[in-house]
Amino acid sequence: MRTDDLEALLDVLELRDGMRVSFHHHLRNGDAVMNEVLAALRRRGLKDLHLYASALFPVHTEAAACIEEGTIRHVTTNYVNGPVAEEIARGKLRGEFTMQTHGGRARAVLQGENAIDVAFLATPAVDAEGNGSGIYGAAACGSLGYAVEDHACAKRSVLITDSLEDFPVPGQLSASHTDHVLRLPSIGDPGGIVSGTLEVTRDPLGLKIARMATEVIRHSGLLRNGVSFQSGAGGISLAITEQFNDMLAATGTQASFFSGGIAAPHVKALERNLVEKLYDVQCFDEEAIGSLQRNTGHIPISAGDYADPTNASRVIKDLDIVILGASEVDTGFNVNVTTDSYGNLIGGSGGHSDTAEDSKLAIIVAPLFRGRTPLIQERLFTKTTSGEHIDCLVSERGIAVHPANDKLAGRLKAAGLPVVDIETLMQSAHAYTGRPKPITRGDAIGIVEGRRGDVQDTLYRKAG
Amino acid sequence: MKETVTTGSLESSDCLIRLEPSEQLEIDLETDVHEAFYEHIHTLISDTLEEMGVQSVYVRCKDQGALDFTIRARLIAAIERYRELHDG
């Protein structure tokens, strides 16, 4: 059906207690759809729903209220912060809490392991046939990569839009999978869709780390025509992307693709002809959205085509270099991006574990301590990504290389870069911070799932 | 008469220290790294007080993840100002 009436739509969806309802996070902290839909489900008295959201942000207050009241019993997501994180960390969720990776979620949806009853998909532009795109409309967000598998596999798929277009919308969501179209006055606040975090770091420590990471790339043996690269939207990552672009230009090297989340520095590389393709699963800023409209080399891809480990032609299987962050690293190079050292839920894998495993060179960039809290810990609060997939850690006081990659260590040493043992890095941080007392954990509250559905770690509450 | 002295700030990686008159030595420490470093910081404060020959004062420290040298500098400055205020 096609309607402007949410209640009328919910009437035809035959909703029942315990159903799995999915949402994507492309409108990020500007998303109005999840709150509006969940509030309506709560008013209807539904219980024990499984909230299957690719990510949850501070704006998602209604989801927290639904957990409190029992409207939502289980939560599965790839990334969470804000009120839902706080609610779960306080042990308020009655059922199971599962954190997946972007690739793992796509795999679980495609294989039917996570069967979605209804996908409520915020879609910035929808045409008369029911095709959906993120590139047009008042709440344009660019690529809809994390919505594609949900749209294709859900028992019922609803596109929720504020822009019904007269012209055909060529987009990632094909009409053949659309069951219903709902038009709301507004699906989101464009100010919150494009996050405000996208600034190249000006912090001297961050810049030092970025410069060192760029040198690691230069001497890695991977800088050649056809090199592929991925970096996120953190300040250090963006600085590395800009430096990487300049290095490509200076050495006359052309990259084959940049993948993942796309932001202004990636677009600049495409438009300077330093890279052939951008494989875009998610746009981080206006520049990226604009580029999708005008650049044929800028290609939106689905989460499955991006990172599903069972998809033989996934983009990241050919990825050379990935730049990743960390809230904690242990001396085995295992990485935590899910909680901080004290057990507060602050994020999640997203594509961290997927790209770390598939790339040839996974570089962690992070300062050795934030405030007094050291980066390198003897024991992680939560393990998000296995150390065996990490090649090196670049910090302001040197580069620790995973012992399995002595070839890299050799190359970096030969180039005169400061290669140090990870234990030594940890000790040099402790000289400033003191040695932290081991943190006591509270009850188990959920699991971290690897990309193939394996249990990577257990999530715990804070003690006390 | 103003009897208390305050140094530092509530910026991240800083601490706010307040000294007030007291009959005994009291340390009231609140830190955002409590689980891992409460004892470490408490010892740092009491050692610094001892080093400075302070026998009775109420120390309130609201720590935002400051490192040792920051906390020491804030505390020493507070003690010196406190002495100026009360002895000078």
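Across the interface of domain 1 and domain 2 of chain A, 17 residue pairs are in polar contact, both residues at pLDDT 80 or more. A polar contact is a pair of N or O atoms within 3.5 Å; within protein, one must be able to donate a hydrogen and the other to accept it, and residues adjacent in sequence count only if both atoms are side-chain atoms. The model is predicted: local features need pLDDT of at least 70, side-chain atom pairs count only at pLDDT 80 or more, and totals for chains, interfaces and linings use all residues. Residues are numbered from 1 along each chain as its sequence is written, and side-chain values use heavy atoms, with hydrogens and water left out.

Zero salt bridges are found across this interface (side-chain nitrogen of Lys or Arg within 4 Å of a carboxyl oxygen of Asp or Glu). On the domain 1 side, α4, β5 (97–99), α5 (102–110) and α6 (148–153) of chain A each give two or more residues. Helices (H or I, at least four residues) and strands (E, at least two) are DSSP runs, numbered from the N terminus. The largest share, six residues, comes from α5(A).

The domain assignment, automatic or from a database, gives domain 1 (2–193) and domain 2 (204–439) of chain A. Contact (heavy atoms within 4.5 Å) joins 31 residues of domain 1 to 29 residues of domain 2.

Glu87(A) lies in helix α4 (residues 83–89) of chain A. Glu87(A) counts as buried because its relative accessibility is 5% (buried: under 20% relative accessible area, 1.4 Å probe, protein chains only).

Conventions:
Chains lettered and ligands numbered in written order. Buried < 20%, exposed > 50% of the residue type's maximum accessible area, 1.4 Å probe, protein only.
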